[in-house]
Amino acid sequence: MQTQATFIDNIRHQLKHGGMTFKLIFINIVVFIGIRVLSIFSNLLGSSDGAFIDSYIGPFLGLHTDFMAFITHPWTLFTYMFTHFGLMHLLWNMLFLYFAGKLFEQMFSAKRLLATYILGGMLGGILEIVAHAAFEKMQLSSDSVVGASGSIMAIFIAISFYRPNTKVHLFGLLPVRIIFLAIAFILMDFLKLGSADSTAHFAHLGGAILGVWSIQNLHASNNIVTLSQAFMNSVLKLFSKKDATHMKVKKGGKSVRHKSDEDYNAEKKNKQEVIDKILDKISKSGYESLTKKEKDYLFNQSKK
């Protein structure tokens with residue numbers, strides 16, 4: 001009982017303090033476990049795994065690449081990026097997400113990671129639907145797509161093109177600039193377009209496009225990720241009784257107004273410049289060359 005309690009406490013701690021990367025991994029794993037539990041009950045009732053997934057789970061959670069089928073299941077553009085049917089598919093994607101997500105949160109923020117994940121998955125899904133309609137050979141392949149690969153590709157390509165000289169160690173031994181890995185992934189997906197390997201290469205490329213797009217005009221208000229975050233904030237305000245941009249807060253007996261958009265963007269730009277300097281120092285001299293103050297600053301920014 002004590003071990004179980006400790007495990008649950010660790011999960012709770014990670015969900016609260018582990019950053020957005022852990023939260024996304026947790027959601028993917030919970031969805032996978034839910035699918036497997038339902039499959040077990042389906043087996044007990046006399047139906048095979050494949051039949052249950054093909055008849056119920058796939059149509060409900062998997063992205064429909066046929067346009068007319070997608071029109072009747074539009075939510076699958078969101079649900080497919082959290083859905084995996086195979087254990088190895090899940091494990092590979094979660095390992096990749098952990099690696100790319102942690103780097104992303106060191107460079108940017110948790111909220112931006114979530115937005116990039118969702119936008120990358122959506123653009124990848126849209127590209128799969130368009131390819132299915134445009135190319136006859138695509139219509140012979142699976143009419144359903146699942147997996148977080150497009151979303152993870154967006155995250156990985158974003159950090160690769162933002163910090164191309166960052167070095168990663170392949171197999172823990174061979175130092176390689178991250179941009180070379182990114183280009184290799186893109187080329188592999190491009191060369192395999194139309195192949196019968198049951199992989200959603202168009203979704204991967206859609207995610208890659210979003211990754212590159214997301215770092216264009218990074219500090220501008222018309223940046224694709226910044227725009228999406230502003231849109232979501234606007235939607236959330238519709239459900240709020242008070243407009244947070246005009247709300248006054250009492251602080252020490254004084255009335256304080258929230259920051260204007262201009263002040264907020266200026267402060268955000270200054271913070272990013274500090275982060276950029278720290279990351280430059282890491283790429284040149286390694287993480288251990290940072291002072292305690294720099295490490296604490298980078299950690300605190302990654303949690304926001």
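Modeller: Start with a helix pair. Two packed helices are described by the angle between their axes and the distance between the axes. Here helix α7 (residues 110-134) packs against α11 at an angle of about 100°, and their axes lie 10 Å apart. Axes are lines fitted to C-alpha atoms, for helices over the stretch in contact, and angles run from 0 to 180 degrees between N-to-C directions. That makes α7 roughly perpendicular to α11 (under 35 degrees is roughly parallel, over 145 roughly antiparallel, 65 to 115 roughly perpendicular, the rest oblique). This is a predicted model: local features need pLDDT of at least 70, side-chain atom pairs count only at pLDDT 80 or more, and totals for chains, interfaces and linings use all residues. Residues are numbered from 1 along each chain as its sequence is written, and side-chain values use heavy atoms, leaving out hydrogens and water.

Colleague: Which residues in α7 and α11 meet?

Modeller: K111, R112, A115, T116 and L119 in α7 meet I224, V225, T226, S228 and Q229 in α11. Contact means heavy atoms within 4.5 Å. The residues of this contact divide into four nonpolar, four polar and two charged (Ala, Val, Leu, Ile, Met, Phe, Trp, Tyr, Cys and Pro are nonpolar; Asp, Glu, Lys and Arg charged; the others, Gly among them, polar).

Colleague: In α11, are I224, V225, T226, S228 and Q229 buried or exposed?

Modeller: I224, V225, T226, S228 and Q229 are buried. Buried means under 20% relative accessible area, exposed over 50%, partly exposed in between (1.4 Å probe, protein chains only).

Colleague: What span should α11 have?

Modeller: Take 1.5 Å times one less than the number of residues. The 15 residues of α11 (residues 224-238) should span 21 Å; the end C-alpha atoms are 22 Å apart, which agrees. Helices (H or I, at least four residues) and strands (E, at least two) are DSSP runs, numbered from the N terminus.

Colleague: Now a loop residue. Where is T166?

Modeller: T166 sits in the loop between α8 (149-162) and β3 (167-170). T166 is buried, at 16% relative accessible area. Leaving aside neighbours within four places in sequence, T166 contacts M107, V176, R177 and I178. The T166 side chain reaches the backbone oxygen of R163 at 3.1 Å.

Colleague: And Q139: where is that residue?

Modeller: Q139 lies in the loop between α7 and β2 (144-145). With 43% relative accessibility, Q139 counts as partly exposed. Not counting residues up to four places away in sequence, Q139 touches H132 and A133.

Key:
Polar contact = N/O pair within 3.5 Å; in protein donor to acceptor, adjacent residues only side chain to side chain.
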